[in-house]
Structure formats: structure tokens, C-alpha cells
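Visitor: Please walk me through this model. I want to learn how to read its features.

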2 protein chains.
Amino acid sequence: MNRDGLIAQLRGLLGDRVSTGDAVRDHHSRGESHHHGVLPDAVVFPTSTADVQAIVQACAAADCPMTAFGAGSSLEGHVVPLRRGVSIDLSRMNRVLRLSVEDLDVTVEAGVTRKQLEKHLQSTGLWFPLDPGADATIGGMAATRASGTTAVRYGTMRDAVMGLTVVTADGRAIRTGTRARKSSAGYDLTRLFVGAEGTLGIITEVTLRLHGRPEAVASATCWFDSIDEAVNSVITIVQLGIPVARVELLDETQMEAVNRHSHLNRPLAPTLFFEFHGLSDAAVEEHAKATGEIVAEHGGHEFARAVTPEERAKLWQARHDAYYAALALRPGSRGWTTDVCVPISRLAECIRETKADLADSPLVGPLVGHVGDGNFHLVMPVNPESEPEMAAAEHLTDRLVARALAMGGTCSGEHGVGIGKMRFLEAEHGREALDVMRAIKTALDPRNLMNPGKVLPPI
Amino acid sequence: MNRDGLIAQLRGLLGDRVSTGDAVRDHHSRGESHHHGVLPDAVVFPTSTADVQAIVQACAAADCPMTAFGAGSSLEGHVVPLRRGVSIDLSRMNRVLRLSVEDLDVTVEAGVTRKQLEKHLQSTGLWFPLDPGADATIGGMAATRASGTTAVRYGTMRDAVMGLTVVTADGRAIRTGTRARKSSAGYDLTRLFVGAEGTLGIITEVTLRLHGRPEAVASATCWFDSIDEAVNSVITIVQLGIPVARVELLDETQMEAVNRHSHLNRPLAPTLFFEFHGLSDAAVEEHAKATGEIVAEHGGHEFARAVTPEERAKLWQARHDAYYAALALRPGSRGWTTDVCVPISRLAECIRETKADLADSPLVGPLVGHVGDGNFHLVMPVNPESEPEMAAAEHLTDRLVARALAMGGTCSGEHGVGIGKMRFLEAEHGREALDVMRAIKTALDPRNLMNPGKVLPPI
């Protein structure tokens, strides 16, 4: 069947929830980042798992590629419909289907966003801690195995997802996982689809493990003369097992960007942002005190507590705006964001060598890191039309990833593979392991219609 | 090639590390539990991943089934070589390959046992918290996605395993995962092989995440007039987010068995065993105090602290001996152990109905539960040669699993599927999800030579 016939069939199924308008197609051609867009032939807006099944069945019958789209906040080009076809926008699947306060879990449709869920939980005493910064959809966060500032304490989407509903390449809906807190009953399909970036099926519903809202919370900041001292403080904190809930590093360039963007007046120096969660003020006080002693030993200046919700909100808003603050250094630019994660013992060395590379390049690149996990980003504002800039960013990324892999790390801590990291997968996993991934892909999507051209590099 | 030819070839590869003696074959015919054994044609003892590759290649060429064997402590018949062939005993792969105190991780060969690892870590300040009771091998624990008493705080093997070396059905060795604490770089092969019970490949090396040994530890016990009160205490503790490190329930029957087996004199009443870990005595004190208040509100009696290492060791030794204490109720019996896990809000109801079933059956079944996770076991001593006993145990298990699944739970919290739970997998996951598991199995082991007859029920 040709694409026109397919689109007519989709209109029969979905009515006006099919769009071929230029603006809508353009919006679905790309995510946030520097990756070049490709226009899909059509965009569809399912409102149920049954809709997604019907769409997938129609596309499969027409041999038409399908790419899922959530909030469009992804950074590695996951949502770019490289081979055109149909972009499946899940944003209208935005119902909270079930909430159990007793069991601390919730089932949501894939298009529910993080902030929408936060709002839904506000009066329940419960909390979904994962926070990648952007107001991503829960389905997108699951598909990319996202994490963010709280992963050091609460884990990543790998840990948070208890079960999924997934529409497979042949249009069947499967359920994975249970509501039990643990299980050893069969292959872990949940973890297979989490992080598969829509290449093995489309996630339509997600069951998440929640946490009780911490009884006591406190934040603190501290600045350092050198980034090494900051990182070494964090290494000690992690090694001693102090249960920090967040620990974020912003370098002097990022602090300058944040000061400008968020109208703050913080020292232009490497700075750590901490958050502590506990059962009581005494517990939080103990964690903060132990942390304060460690940073002091490493030359930290002005370990300053922010205890009121307002102070905390202001501090973390500045942290969350770091990406946009970095882009604002060059208005009109797009972000080229790196995302390596290394064993914590190598973090200071990795950051030091990377900053030396950056100093040798024509690019500016504020650094922000979820340093408790060994994960850090450079956000480099680039003009995607400038070949020299893109080449410089690519060169720096290649060197950075090679460094991280040599240290036992990964090319992607939390942003996923998409288009941007495919070229590193063989170096990271080896040819044999990639062959196993390819065998799984072929078994579950034999005609390569689910988000083709992503994750697995061509042979 | 016939089996004799294969065995000759294996002797060529391994010399005297191939056994066809009756005693050795008998030892490798079964695990701990009631499942009937099958004699393998031969048992081989590799000492390296390269050995395992050579064995798998030889077996594959001869179309010969392969079943991995660790400590033989599994409870669902995973190690029974149902279609005979070669039992691959990994116990001589028992080297600790690498330890990083700085990064809190370790790489071991699959045959290293939990206690061997504990001993290796003794002077390092580090700790591997997972504790399934038996002195299982780390490879076996990974293959069955084991957990145990500390999962409520430290998670299961799903969470503890950072990476694997796996020999696939075609004899290639792949590496999965990295030493970074998180990654979103490609399909999560680690989590696919964890819990696959050797049906997709043989795990030969495991990289584990470790923890700092807790600075402060305390234990406590408390008994109740009714099991409902005990369980409701735990539900409240979990919902309030009190970070208990262990919380175990033993019912009155299990306490009687433990008293007898471990020469204790505890009340014959449902009893909770707690352990608290913290940064300081003050933190542990806070957790214990909050717990004590909750159990008092739920009618708990004699919330008693055991603070010295000796008291703690005695207490937990009794808990760990629970399985053998239950079997000792009927000398010469084998254990038929159930293993459901349900959402915590349904736990009291599930236990109540199950104990009513047990009262109606001819069997005795002490109950022991990792109740913070919603996971509990009945250990029913049975005579595997008695058809009525086996039928009664099967009937009770069928009803128990149906109940757990209706509550949103799982047929296996931590023991795996093996032979014993296969018949429940379709009810738990649905036919479509099982089809996806079968597609993966076929893709990775097209000739069904890796531990055939396990995990996936025949169609």
C-alpha cells in the first residue's frame, strides 16, 4: 500500500487525529537537540492502547516505519523519523489510570508528563523522585532509561518502572511485570523495553514505584577553588555511603550562565548543590553535617544551607535551568550535549582531561554533572549549520567517549543512544554483544519498522 | 555425533575435569528441593570462560543439551538436566578477579559463593548485602535473580549485578554492562540474562555493586498475638519509609521449628525479626524507635533489641536455619517451598487465606517471609515418593499462586521458575508476553540446547 492509502486508512481509524499539516509535521521532525530533523509523512494522536495497536497494524501492513513521540525533549535524536513514515504522538494518552497509596505505585498512560504526575500526587504524601530536568513524558523517560538529579539516591527508570504495556511490532499488546516489589518469574521484559527507545515496541502504559515524600528535606551549596576538590569531595561522600538525595556539580562556566539566566549572584567557581532527605530533621542534619565536614576537608568554601522550601525551590530552579542557561550563552543555538558516566574513582581525571580538550577547542561548554553517579554533561551551544562547529563538537565527543570507555564507563549515562551515540556502541559493548542485541531486534521487529535507524548501528 | 564421541572430545579438552562416575552424576541430577532428578550423561568442570566456550561449542556441534550447575542450592529444579546431556559445574571457577574499594564494585567468576565473597571482603570495609540463606554461587544467584532478607533495603540481583560475561548458545563470549553506576547505552542485556536461568546462555563472570559496611547495626525482635497484627505493622513501616535493612516474619509453626532446631526458647507466636543499618548509632536508634512505636500500636509484645554482634549473629543464624529447621520437622523429607510475592497492601489477606488452606490440608508448612517486600514462603516437608502428599502440595500451591496473581503479584518472588513454576507463567504474563519471551529464546538458542525444558512452558 502506498503512503496515501495508509493515511486514508489511519483517518478512517482516528478521524481528525491524523495530521499531515506542515507545522505539525515540522514539530514532530526532531527533538530538542542539534540533530537534524526529518519530516514524517503523517502524525497520529492515539488516545488508547487499542488505538496504538490499530495504528501499528495498519503501518505494518503498509510496511511503513513508525516512530513514537512524547514531549519531544529528547537529546539524542530519538524522535527523528529518519525513514519518514508515521510519527505516533502519545501526548493525548495522558490519564493517570490507577494509584495505590498503600502500595506506593501508580499506573499512567505513556503521555503523562513528569510535572503532571507530580501534580496528581501532590495531596497524597507520595512522590515520584526521578527528575531529568525537562518535563518529559513518563513513556519517553522509560523508553530512554532516563534518570537525572535524584538517581544517586532513588535510581533510574530501570529501577522505577515496575511494569509496562507495550504494543509490539505486529500490533499485539503485551503486559510486562507485576505490582509485586520483586519477581523472578521469567525473562525481564520490563527491563528489555526500558531503554529500547521504541525500537522493539511502543510503550503505552507504565507502572511506577513511588516513594513517600521525605519528612525532612534540606539543601546546601558549596564552592571550590578547583573542580578537582569539588569532585574529590563527592567521591568521599559516596564512598562513605552518606545518603545524599542529590549532588550536582556546576563548573565556573555553568555558574556564570546560571547567574545570568536566573538572576543570581553566586561565585564564579565550581559549585556543588546538595539535597538531603530523611525521616526527621535530626537525620537530615546528620547527613548535612557529615557532608559539611567532608567538603571543608577538601577546601570547600561557604557550605551554606537552604532550609526553607522557597530557598530550595530557587536553588534547584537555577540548577534545572542550566541547560537553557547554557543555550542562552549563544541565542539561537542548539544544544550539543555530552553524557558520559564513569566509575567514580575516575571522575576527577575524566573531567580534568575533558576540560583541557574544551579549552583547546573553539567551543564553549558549561559543565553540569550528576556527580554522585559519575555522570556529567557538557552543554555546547552550536549552530547546526556550521560545519566547523559541528566537527569540533564531534571531535570533542569522540575523544570524551573514548576516554570514558577506557575508564570502564559508558557513552551514555542517561540520554540514550538515539542517533547520536550509535557510533560508539560497538566500542562499548563489543561486536558479539551487539550481535545479540541485533538478534533480539530481528526477533521482535523482523521488518525493522519500529523507530528504524536508531540504537543499533548498521553492520 | 553420539554422546560417547562428545565425551571423548570433552576429555580431550578438559582431561580429568570430565566425570561420568555415578556419584558425581547423581550429585548433579538435582538441587535441594522436591523435584525429581535426572542423571546427566557427563559432568564437566571448567576453570575459565574459554573452557566454557569450548564445552558449549562441542556440545552445540553434537546437538547435546547443557545445564549449568553452581552450588546446587536452587529450589525449583533449575539444575535438573531434564534432557540429560552435559551438566556444566562452575564451582571451580571461583576466583575473585578484581576488586575496587574506591568504586565499591567487584568482578568474580560465577562459581564464587556468597560466603567466599563475604570472606574476601572482610577486611575491606565493603559488603555484599544480598543473602538468600543458602551459600549459593554468585552465578547461580544472578541466573535465578535471587534476593533474600536484605532486598527490602538493598534490592535483588537485578539491582546488584552491574555486568556479566556470558557464553551464548553458539559458544561466543559476550560482555554486558559497564562499571559505570548507570547507563542508557543500548538494550539491557545484563537484566535479560539475570533471571534467565541459563536458558539463554551461561554466566561465567559477574560484576557486582557493593556497599560500605554499615557503621551502625542493630537488631530487634517482637512477637504478636496474631499474624495479621505482625503483617500490618510491617505494612505501616514500609509505607512510612522507615529504612529497615531486614524485616522477616516467622509464624508460630516456624518458631517452633526454629526453637527446636536452634535450641532457642522464643514464644510460639508470629514473630518479626528486624535489622537496622545506619551511618551512626543515633540514626539506627531513630529507626528502631520509630519501628518500636509502630509495633506497639499494632499489639506487638516485647520489642527487644539485640545490639551486640553475638546476639545478632545468634538471632539471624536461627532465621537462616529456618529452611533446615522446617525440614527437620520430618527427617528424611524434601522441601516443597512456595514463593509468592504480592503488593504489600494485600499481604495480610494473602497470608490469612493461605494459612486457612494449609489448615485444611494434610501438610505442615512453617511460614517465613521477607515481608517488607510482600514475599513469603511456606516450607512444606514432603516425601517426593508419596503421591497424595505431592498432590496436596501441588493443590495448595496452585491455589496460592492463583490468589497472588489475582492480587497483582507474582508466582515467584526470588526462587525463579525452573521446573516448578512453569505452569503459572502464562497466567502471570499472558500468552502474548510469553510469545515475546519465546521469540527471544529462539533467537538466542535456536536449537533449544541451553537448559531445555525450563522457564518457558511448552506450547
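Guide: Start with confidence. Chain A has a mean pLDDT of 95, and 100% of its residues reach 70 or more. pLDDT is the predictor's confidence in each residue, from 0 to 100. The complex gets an ipTM of 0.97 and a pTM of 0.97 from the predictor. This is a predicted model, where local features need pLDDT of at least 70, side-chain atom pairs count only at pLDDT 80 or more, and totals for chains, interfaces and linings use all residues. Residues are numbered from 1 along each chain as its sequence is written, chains are lettered from A and ligands numbered from 1 in the order in which they are written, and side-chain values use heavy atoms, with hydrogens and water left out.

Visitor: Now a sheet. What is the order of the five strands in chain A?

Guide: Strands (E, at least two residues) and helices (H or I, at least four) are DSSP runs, numbered from the N terminus. Two strands pair if DSSP finds at least two bridges between them. In chain A the order is β5-β6-β10-β8-β9, an open sheet with antiparallel pairing. β5 (96–100) and β9 (173–177) of chain A stand at the edges with a single partner strand each, so one side of each has no neighbour in the sheet. From one strand to the next, the twist averages 10°. Helix α4 (residues 114–121) of chain A packs on the sheet and touches β5, β6 (105–109) and β10 (202–209) of chain A; its direction makes about 45° with that of β5(A). Axes are lines fitted to C-alpha atoms, for helices over the stretch in contact, and angles run from 0 to 180 degrees between N-to-C directions.

Visitor: Which way do the side chains of β6(A) point?

Guide: In a regular strand, side chains alternate between the two faces of the sheet. A:D105, A:T107 and A:E109 point one way from β6(A), while A:V106 and A:V108 point the other way. Five of the five residues of β6(A) are buried (under 20% relative accessible area; exposed is over 50%, partly exposed in between; 1.4 Å probe, protein chains only). The strand is therefore largely enclosed by the rest of the structure.

Visitor: And what joins β6(A) to its partners?

Guide: Four bridges join β5(A) to β6(A), antiparallel. A:R98 stands opposite A:T107. The two strands form a hairpin with four residues between them, and A:L104 in the turn has a positive phi of about 55°. On the other pairing, five bridges join β6(A) to β10(A), again antiparallel. There A:T107 stands opposite A:T207.

Visitor: Is A:E197 buried or exposed?

Guide: A:E197 is buried, at 4% relative accessibility. This residue is in the loop between α8 (189–193) and β10 of chain A. Its phi is positive, about 60°, although A:E197 is not a glycine. A:E302 also has a positive phi, near 50°. A:E302 is in strand β15 (residues 301–306) of chain A, and is exposed, with a relative accessible area of 57%.

How values were computed:
Contact = heavy atoms within 4.5 Å.
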